[in-house]
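Keep the sequence and the 3D view at hand.

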Amino acid sequence: MVKNRGKVPGTRLGLALGGGAARGLAHIGVLEVLEKGGIHIDMIAGTSLGALIGALYARGQEIDDMKQQAAELGAKR
């Protein structure tokens, strides 16, 4: 996770992730872009698959690991 780079003093950034399979998986890409841009997320919330992606990210799961897990799930379908 990115630590405090790009953070404006005295502000907090929250991210709300939506549900649905395709949208939920797209959130992994959004998190990746934010992380690469040095944008620190202070709070994260979500619904359905967005909640799962948010929870994985909040507990420190690596983006590449999330992408791998998503690919494995897709292959099993």
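**Salt bridges around one glutamate**

Start with Lys67, which is partly exposed at 35% relative accessibility; that class lies between buried, under 20% relative accessible area, and exposed, over 50%, with a 1.4 Å probe and protein chains only. This is a predicted model, where local features need pLDDT of at least 70, side-chain atom pairs count only at pLDDT 80 or more, and totals for chains, interfaces and linings use all residues. Residues are numbered from 1 along each chain as its sequence is written, and side-chain values use heavy atoms, leaving out hydrogens and water.

Which residue does Lys67 meet in a salt bridge? The partner is Glu32, at 3.0 Å from N to O. A salt bridge here means a side-chain nitrogen of Lys or Arg within 4 Å of a carboxyl oxygen of Asp or Glu. Side chains of opposite charge can pair when their charged atoms come close.

Now turn to Glu32. Its relative accessibility is 18%, so Glu32 counts as buried. The pair with Lys67 links distant parts of the chain: Glu32 sits in helix H1 and Lys67 in helix H3 (residues 63-76), 35 residues apart. Helices are DSSP runs of H or I, at least four residues, numbered from the N terminus.

Glu32 also forms a salt bridge with Lys36, with the closest N and O atoms 3.6 Å apart. Both residues lie in helix H1 (residues 21-36), four residues apart, about one turn of the helix. Lys36 is exposed, at 68% relative accessible area.

By this rule the count is two salt bridges. Through shared partners, they join Glu32, Lys36 and Lys67 into one network.

Conventions:
Helix = DSSP H or I, 4+ residues; strand = E, 2+ residues; numbered from the N terminus.
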